[in-house]
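Take a walk through this protein with the structure open beside you.

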Amino acid sequence: LKGAEEETQRFYRNVGNYEESIKRAVGINNDFANSLINISQNSNGLKGFMTNVKAEISSFTSSLTGLLKNKVFLGIAGIAGAGYAFKWWYDYNQGIKEATKLTKQFTDYSGNQLKEYRSEVQALADYYGKDFKETLLSVNALSKQFGVDAKDALDILRDGFIAGADANDEYFAGIREYSAQFKEAGLSADEFVSIIAQTNQMGIFSDKGIDVIKEANIRLREMTTATADALDGIGISSKQIQKELQNGEKTTFQVIQEVSARLNELPESSQKVGTAIAD
């Protein structure tokens, strides 16, 4: 070290305060570093240290034991590397614990089934560069709103990614905001995700494609005078539509499709078309 300092003209070692220097070198947070130092000070050698560590921190594993016994790895030249590796190991285990806890909150899984499902969600999130919690919340929205199993919801979410549903980076936001409305309109979870992907493929900006379906669903159910007049104006009986919706013969999405087909038959510049689109 002395020779290296002379060659690089850097003479700023914190002599006498190696504890703080080591904590900075390994890059771990002070609270966690202090807990390790306290354990070390109350231990008798490596064996005692490991015994105390296991008592203090339940997530320690045999990997750490092997790491601490590796003299080459813990050599002077490898102290910093060992610290970063340890920090990564600690953070990774903390992430796994948090992910497992979140998964348990949103599903009725336990044991190996819980671990397998958590790993699948994590793998999907990692592959598409998404946050684990955001991914889990989106899967949960599909599962709860459409009444499908959590694993089926995860498969549907994955299919959406493959189909390009996240092209505008608003895939998850759309799922959480519009799931209830699309279920109410009579669509299934996979149909909902397919529509999100389709609107992206058609180049429709942001969430405007799925938002118009939500608005149409609301207006058809409320059937205000303006909406009824708009339907009658393009040759669709508003009273018949109301009757079919009330007795369950049609869903609002089927009515939306019927309106869309009728609009395609009329001139785009027609006032009636404009009124129907607006109302």
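A cavity, as the word is used here, is a set of grid points where a 1.4 Å probe fits but cannot get out. A pocket, by contrast, is an open set. Keep in mind that the model is predicted.

Begin with the overall build. The protein chain has 16 helices and 0 strands. Of its 279 residues, 35% count as buried. Now take the contacts between residues at least 6 apart in sequence. Among these, 54% join residues at least 24 apart.

How many cavities of 30 Å³ or more does a search of the whole structure find? The search finds 1. The largest cavity holds about 80 Å³ of space. It is lined by 13 residues, and the closest to its centre are N168, I196, S206, D207 and I210. Sorted by class, the lining of the largest cavity has 4 nonpolar, 6 polar and 3 charged residues.

Turn now to open space. The second largest pocket contains about 880 Å³. Its lining is made of 27 residues, and V212, A216, I256, S260 and L263 are the closest to its centre. Which helices supply at least two residues each to the lining of this pocket? They are helix 11, helix 12, helix 13 (225–233), helix 15 (252–265) and helix 16 (271–278). The classes in the lining of the second largest pocket are 17 nonpolar, 7 polar and 3 charged residues.

Go back to helix 10 and find its partner. Helix 8 (residues 132–146) and helix 10 (residues 171–184) have axes that come within 9 Å of each other. These axes cross at roughly 5°. Angles under 35 degrees count as roughly parallel, so helix 8 is roughly parallel to helix 10. Which residues meet there? From helix 8 come E134, T135, L137, S138, A141, L142, Q145 and F146. From helix 10 come F172, I175, R176, S179, A180, F182 and K183. The residues of this contact divide into 8 nonpolar, 4 polar and 3 charged.

Stay on helix 10 for one more residue. E177 has its place in this helix. Is E177 buried, exposed or partly exposed? Its relative accessible area is 43%, which lies between the 20% and 50% cut-offs, so E177 is partly exposed. E177 and D211 are 34 residues apart in sequence. In space, their C-alpha atoms are 9.6 Å apart.

Two loop residues come next. Most residues other than glycine have a negative phi. D169 has a positive phi of about 60° although it is not a glycine. D169 is found in the loop between helix 9 (150–163) and helix 10. With a relative accessible area of 59%, D169 is exposed. M223 also has a positive phi, of about 45°, and is not a glycine either. Its loop runs between helix 12 and helix 13. Is M223 buried or exposed? The relative accessibility of M223 is 10%, so M223 counts as buried.

I241 lies in helix 14 (residues 238–246). At 1% relative accessibility, I241 counts as buried. What does I241 touch, leaving out residues up to four places away in sequence? The residues are M223, I236, V255 and E258. M223 is the loop residue between helix 12 and helix 13. Finally, compare I241 with A228, 13 residues apart from it along the chain. The C-alpha atoms of I241 and A228 are separated by 9.2 Å.

Methods:
Residues are numbered from 1 along each chain as its sequence is written. This is a predicted model: local features need pLDDT of at least 70, side-chain atom pairs count only at pLDDT 80 or more; totals for chains, interfaces and linings use all residues. Side-chain values use heavy atoms; hydrogens and water are left out. Axes are lines fitted to C-alpha atoms, for helices over the stretch in contact, and angles run from 0 to 180 degrees between N-to-C directions. Helices (H or I, at least four residues) and strands (E, at least two) are DSSP runs, numbered from the N terminus. Angles under 35 degrees count as roughly parallel, over 145 as roughly antiparallel, 65 to 115 as roughly perpendicular and the rest as oblique. Contact means heavy atoms within 4.5 Å. Ala, Val, Leu, Ile, Met, Phe, Trp, Tyr, Cys and Pro count as nonpolar, Asp, Glu, Lys and Arg as charged, and the others, Gly among them, as polar. On a 1 Å grid over the protein atoms alone, a cavity is a set of points where a 1.4 Å probe fits but cannot get out, and a pocket is an open set with protein on both sides within 12 Å along at least five of seven lines; lining residues have an atom within 4 Å of a point. Grid points are joined across faces, edges and corners, and a volume is the space filled by probe spheres set on the points. Buried means under 20% relative accessible area, exposed over 50%, partly exposed in between (1.4 Å probe, protein chains only).
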